[in-house]
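Colleague: I would like to go through this model with you. Could we begin with the charged side chains?
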Amino acid sequence: RVLFRSTLLVHTPQTALLIQACTNVELRNISFDWAPLPFAQVNVQSFDGAGGAIVNILGGAPPSPSGTPVTGVLQYDPVNGRPAPGNNDFYPSNSLLTAQSGGLAHLSNVASNFSRVGVGASLVVRYQTYGANAVLGISNKALILRQVTVNSSPGMGGMFYGCENVTIAEMVVDVPTGSGRWISTNADGLHFTLCRGFITVT
């Protein structure tokens, strides 16, 4: 049994906690967060005519002046506090978000994905989408996560592969209250692959 009463603040884009080939493990009362955050919150100001856009940085982690790689872009509805309706989650190739002066940045190589995105659109620009999770469970038996909170993650909140009998109780995947963040995890909150026995989420 592993019991925590703290926040694990991760500073690199990698999985925070790996639990592998264990039996009867309980993880309880721990929170996960990342600093810097693995995304930027932006608003589209204009299009550059060359497949890119000029955006205003509103929150999250600012990009590098030399360009920060982008793996995914999600259109956001700030009025209702949720992803915009429709098919507005896309994954551009060879895209960079590059800091400019005055709180602006250039988002490159997104023209093919921006046919439905106009000036004024709010976007979450993700610097990583998969491969770095808050909790990664592999080939475990009788694994319990209880009162675990994930405030952000470059990938999924919890990824479980080849596990048997998994219990998730009172888990929260959400932004901290009053943080102004638009998203918590950059991918799924919970994801299960090739698991067996029972999976209980309450």
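Modeller: This is a predicted model. To begin, arginine 28 and glutamate 26 meet through their side chains in a salt bridge, at 2.7 Å from N to O.

Colleague: Is glutamate 26 buried or exposed?
Modeller: Glutamate 26 has a relative accessible area of 5%, so it counts as buried, the limit being under 20%. Arginine 28 is partly exposed, at 27% relative accessibility.

Colleague: Which arginine besides that one meets glutamate 26 in a salt bridge?
Modeller: The side chain of arginine 146 forms a salt bridge with glutamate 26, at 3.3 Å from N to O. This pair links distant parts of the chain, with arginine 146 in strand E14 and glutamate 26 in strand E3, 120 residues apart. Arginine 146 is partly exposed, at 24% relative accessibility.

Colleague: How many salt bridges does the count come to?
Modeller: The count comes to five salt bridges. One of them joins aspartate 89 and arginine 126, whose closest N and O atoms are 2.3 Å apart. Here too the pair links distant parts of the chain: aspartate 89 is in strand E9 and arginine 126 in strand E12, 37 residues apart.

Colleague: And how accessible are aspartate 89 and arginine 126?
Modeller: Aspartate 89 is partly exposed, with a relative accessible area of 30%. Arginine 126 is buried, with a relative accessible area of 5%.

Colleague: Turning to the backbone, where is there a cis peptide bond?
Modeller: The bond joining alanine 35 and proline 36 is cis, with omega about 5°. Proline 36 sits in the loop between strand E3 (23-34) and E4.

Colleague: What about phi of glutamine 147?
Modeller: Phi of glutamine 147 is near 55°, again a positive value in a residue other than glycine. Glutamine 147 belongs to strand E14 (residues 141-150), and at 32% relative accessibility it counts as partly exposed.

Colleague: Now the sheet: in what order do the four strands of the open sheet come?
Modeller: The order is E2-E13-E15-E18, and the pairing is parallel. Strand E2 (17-20) and strand E18 (190-193) are the edge strands, each pairing on one side only. On average, neighbouring strands of this sheet are turned by 10° against each other, direction ignored.

Colleague: How many bridges join E15 to E18?
Modeller: Four bridges join strand E15 (residues 158-161) to E18. Phenylalanine 160 has phenylalanine 192 in E18 as its bridge partner.

Colleague: On to packing. Which residues of the largest nonpolar core touch the most other members?
Modeller: That core has 19 residues, and Val44, Val55, Leu97, Leu107, Phe114, Val117 and Leu123 touch the most other members. Strand E4 (39-47), strand E5 (53-60), strand E11 (104-107) and E12 each supply at least two residues of the core. E4 gives the largest share, three residues.

Colleague: What is valine 117 in contact with?
Modeller: Leaving aside neighbours within four places in sequence, valine 117 is in contact with Val44, Phe47, Gln75, Phe90 and Leu123. There is also a second, separate core of 18 residues, which includes Trp34, Leu145, Phe160 and Ile168.

Colleague: Finally, two loop asparagines. Where is asparagine 133, and is it buried or exposed?
Modeller: Asparagine 133 is in the loop between strand E12 (122-126) and strand E13 (135-138). At 7% relative accessible area, asparagine 133 is buried. A polar atom of its side chain lies 2.8 Å from the backbone nitrogen of methionine 156. Beyond neighbours within four places in sequence, the contacts of asparagine 133 include Gln14, Thr15, Trp34 and Met159.

Colleague: And asparagine 94, buried or exposed?
Modeller: Asparagine 94 is exposed, with a relative accessible area of 70%. It is found in the loop between strand E9 (89-90) and strand E10 (95-99). Leaving aside neighbours within four places in sequence, asparagine 94 is in contact with Ser108 and Asn109. The C-alpha atoms of asparagine 94 and threonine 71 are separated by 8.3 Å, and these residues are 23 residues apart along the chain.

Terms used. Residues numbered from 1 in each chain as written. Predicted model: local features only at pLDDT ≥ 70, side-chain atom pairs only at ≥ 80, totals over all residues. Heavy atoms only, no water. Buried < 20%, exposed > 50% of the residue type's maximum accessible area, 1.4 Å probe, protein only. Polar contact = N/O pair within 3.5 Å; in protein donor to acceptor, adjacent residues only side chain to side chain. Contact = heavy atoms within 4.5 Å. Pairing = 2+ DSSP bridges. Axes fitted to C-alpha atoms, helices over the stretch in contact; angles between N-to-C directions. Core = buried A, V, L, I, M, F, W, Y, C linked by side-chain atoms within 4.5 Å. Salt bridge = Lys/Arg side-chain N within 4 Å of Asp/Glu carboxyl O.
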